[in-house]
Every structure is written in C-alpha cells, then in structure tokens.
Amino acid sequence: MGLWDWIVGNQSEPSKKKVSSPASTADDESKKSAVGTMDTTQESEQAPAQERIAEEQTGEQPELPWWVSEEEGPTDLVDYPQPELSTEERALENALFDQFDGHDLDLPPFPRVPEKVLAHLRSRDCDFGKIAKDIAEDQVIVAAVIRMANSPLYRGLHKVAALKQAITRLGANALRTLMLNQSMRVATLSGSDADKELANSVIHRALASATIMRGLASFTTVDKEEAFLIGLLHDIGHVVVLREARRQHRFINYTLTPEVFEYLCQETHQEFGELIAQSWDLPPNIQTLIADHHRYPEPDDPLYKERLLLKATDMICSLLGFSSYINYDLLNSQAMIDLNLAKRQEVIDYLTHLPSEVDEIIEYL
C-alpha cells in the first residue's frame, strides 16, 4: 500500500583489527596493541560524529519503526473526534440512532451458498464432498477458496488449482472463516458504486484486523483461527452504517466523507454489529465481542485475552492507516503489557514484517 517505511535497526561496520607479526618483540606487541586500541576507539568515536555532521548537513533524522512515534502517544484506544457535520450528515446520524431497535433496519441477508456450507460444517462428520458440490454453485466463492488455500496463511509446497484439494488443505475452521468473509464482502459491496472507496476500506480494514489478530494470537494461548475470525467480524457493524448511508442517499444528495463515516461507525457499529451477529447466528463468544469490545476487560472476564488482542489490533490498524491515524504508543500500551507482548523480541520481529504480511493477505483474500 506504500504507507509505511521502517527500519529495524542500524548496524555500524565492524572495527578493523590489526594483525601482529609473529616476529615482533613483546615491547612492539604492547605498542601495537595500544595503537590498535586507540585506532578502534577513534573510529568508534568518529562514526557517531560523522553521522551527526551528515544529519546536520542534510537535516534528515534516522527513520523510526512504524510502531514508534517521536511524540508520546496514547496507550489505550481513544475516540475519534466529532467532525463538523452538515445538515445532511446530521440527518444520517439521527437516522442511524433511530435504527438501534432494528425494527426497520435493512440488515444484510446471509448469502445462500455460505449458509449451506456453514450448515454442513456444524456437523461433526461433515462431508467435504457435499461442501465442494455446494461451493461449486458459486464461481466467485470457488475462486476465493482456491485463493485462500494458496495464500501465505495456508499455502503448502505446491500450489493447488482444484476445489477439492483446496477444501482439504483449508479444513473446517478455515472454511468457516472464508464463508463468513465472503458473506461480509457481499454485504459490503452490494449497492451503489458511489461509495466503492468506502466499501473497499471496510473490507481492507476487516482483513487487516483478522491478519493482525491471528498473528498476535500466536504469541498467546488464543486459537489462531478463532482470532482471525474475531478480527474479521468484530467491526461488522460498519456494514450497516454503509448500507444505511446508501439508503439515505436515495433521498438526500450528499457525499459521505471518510472522516464522517469513521465518526458515525464509532458511534453506532457495536449496536449494529450485535444485530447482524444475531441475525447471522454467529457463535455466542463472537456475538459478545462484536456487541462490546471497546471497554477494558476485568481479569475474570472469560474473553479477557480476546478483548486485549482486539485493543492491540485496533491500535495497529490505526498506526498502519487502515483506520484514522493516531500515534499510539503501542509497546507501552496496557493491552500489550497485560498480554506479555511488550518486551518480547519475537513480537518485535513480527511487527517488523507485519505491514508487508497484511498487504499480501489483502491481495489474496
């Protein structure tokens, strides 16, 4: 996406060692050793001085890793400030609040093929042959299954091109995730072309969240596939805001800006997400997280780690530009500290490569 540049660290060149002649006297050896020490010391002292001179001449500072800010930032999620709303945008906000009861809300229906596949997957002895037959009814989903099987998350030594091979490689849990991902894509993209950019931002943010959540979960006891699904769906209420904005656009001519969309989602997405989660009969733990994932969890919360992972995930999404940028102090955040992730070198290594990994997953899925 070209949004980030980062440096893992700067390595200075190793000092050149002086090699003593075997024929040297002890006195000469001592002198050479002293000179060698002085030369090495002078080199190490000169290097930073030369770097400082270069910085002063060019005015450039060494780049920081993407998760580090020059200024002290928040250590917990903060609210997006309310932008100035036009009359039309205020009308949309009021319309959204009026829909909280769900009575007249245009909830996205569950697509037929994913619904049939998920019904099979609920059985302990699910038949992958029947699943392949159902998936074959929708060539878009067929392509999505094969893409996912060849994605960085699941690809093996050889690329698969056949549907049955792809299904076998993915397994039940990954198929469930893919069916819900496809359902969310259909719900998000069906509608006017006028908001294609906003629709794509919703999808990219969901996939970024899923990838980040899965990666962070690998350093905890939370199941990685479950984490991917939670990250994918926790902000699904954004879809309802987008759909309602489309509906209102038929009566009011206005352009919904990304800033206003972000604010309206912040104010309403948990309530709308809960309605979709109930309508789609999602697993109870995911319904709970969708409905309430912004508060800081108590230690006895049965979803304690999942909630902390979501907080860290949302911070990272902001830092990488998948939501409004806020310069979060990620490694000093309470969520990363309580998850015991803040000071682990393997986590730092993971963060270093994360932006390119997220881009790759979005490209595949």
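1. The side chains of E346 and R344 meet in a salt bridge, with a distance of 3.1 Å from N to O. A salt bridge here is a side-chain nitrogen of Lys or Arg within 4 Å of a carboxyl oxygen of Asp or Glu. E346 is partly exposed, with a relative accessible area of 37%, and R344 is partly exposed as well, at 23%. For these terms, buried means under 20% relative accessible area, exposed means over 50%, and partly exposed lies in between (1.4 Å probe, protein chains only).

2. A word on the basis of these values. This is a predicted model, in which local features need pLDDT of at least 70 and side-chain atom pairs count only at pLDDT 80 or more, whereas totals for chains, interfaces and linings use all residues. Residues are numbered from 1 along each chain as its sequence is written, and side-chain values use heavy atoms, with hydrogens and water left out.

3. The structure holds 16 salt bridges. Side chains of opposite charge can pair when their charged atoms come close. One of the salt bridges joins R176 and E226, at 3.1 Å from N to O. This pair links distant parts of the chain, since R176 is in helix 6 (residues 163-189) and E226 is in helix 8 (residues 224-233), 50 residues apart. Helices are DSSP runs of H or I with at least four residues, numbered from the N terminus. R176 is partly exposed, with a relative accessible area of 22%.

4. Another salt bridge is formed by the side chains of D301 and R295, at 3.3 Å from N to O. The two partners may be compared with the accessibility classes: D301 counts as buried at 13% relative accessibility, while R295 counts as partly exposed at 36%. Salt bridges also form a network, which links R112, K116, D134 and E137.

5. A search of the whole structure finds one cavity of 30 Å³ or more. On a 1 Å grid over the protein atoms alone, a cavity is a set of points where a 1.4 Å probe fits but cannot get out, and lining residues have an atom within 4 Å of a point. The largest cavity has a volume of about 70 Å³; grid points are joined across faces, edges and corners, and a volume is the space filled by probe spheres set on the points.

6. The lining of the largest cavity includes M184, V202, R205, A206, S209, G231, L232 and H234. The elements that give two or more residues to this lining are helix 7 (196-217), helix 8 and helix 9 (237-249). Helix 7 supplies the largest share, four residues. By class, the lining has six nonpolar, four polar and two charged residues. In this scheme Ala, Val, Leu, Ile, Met, Phe, Trp, Tyr, Cys and Pro count as nonpolar, Asp, Glu, Lys and Arg as charged, and the others, Gly among them, as polar.

7. A search of the whole structure finds five aromatic pairs. In one of them, the rings of F97 and F100 have their centres 5.7 Å apart and their planes at 65 degrees, so the pair is edge-to-face. Rings of Phe, Tyr and Trp (its six-membered ring) pair if their centres lie within 6.5 Å; planes under 30 degrees apart count as stacked, over 60 as edge-to-face and the rest as tilted. F97 counts as partly exposed at 33% relative accessibility, and F100 is partly exposed at 31%.

8. F100 also forms an edge-to-face pair with F272, at 5.4 Å centre to centre and 70 degrees between the planes. This pair links distant parts of the chain: F100 is in the loop between helix 2 (87-98) and helix 3 (112-121), and F272 is in helix 10, 172 residues apart. F272 is buried, with a relative accessible area of 0%.

9. Most residues other than glycine have a negative phi. D281, which is not a glycine, has a positive phi of about 55 degrees, and N340 has a positive phi near 60 degrees. D281 is in the loop between helix 10 (258-279) and helix 11 (284-291), and N340 is in the loop between helix 13 (334-338) and helix 14 (345-364). D281 is exposed, with a relative accessible area of 52%, and N340 counts as exposed at 52%.

Technical notes. On a 1 Å grid over the protein atoms alone, a cavity is a set of points where a 1.4 Å probe fits but cannot get out, and a pocket is an open set with protein on both sides within 12 Å along at least five of seven lines; lining residues have an atom within 4 Å of a point.
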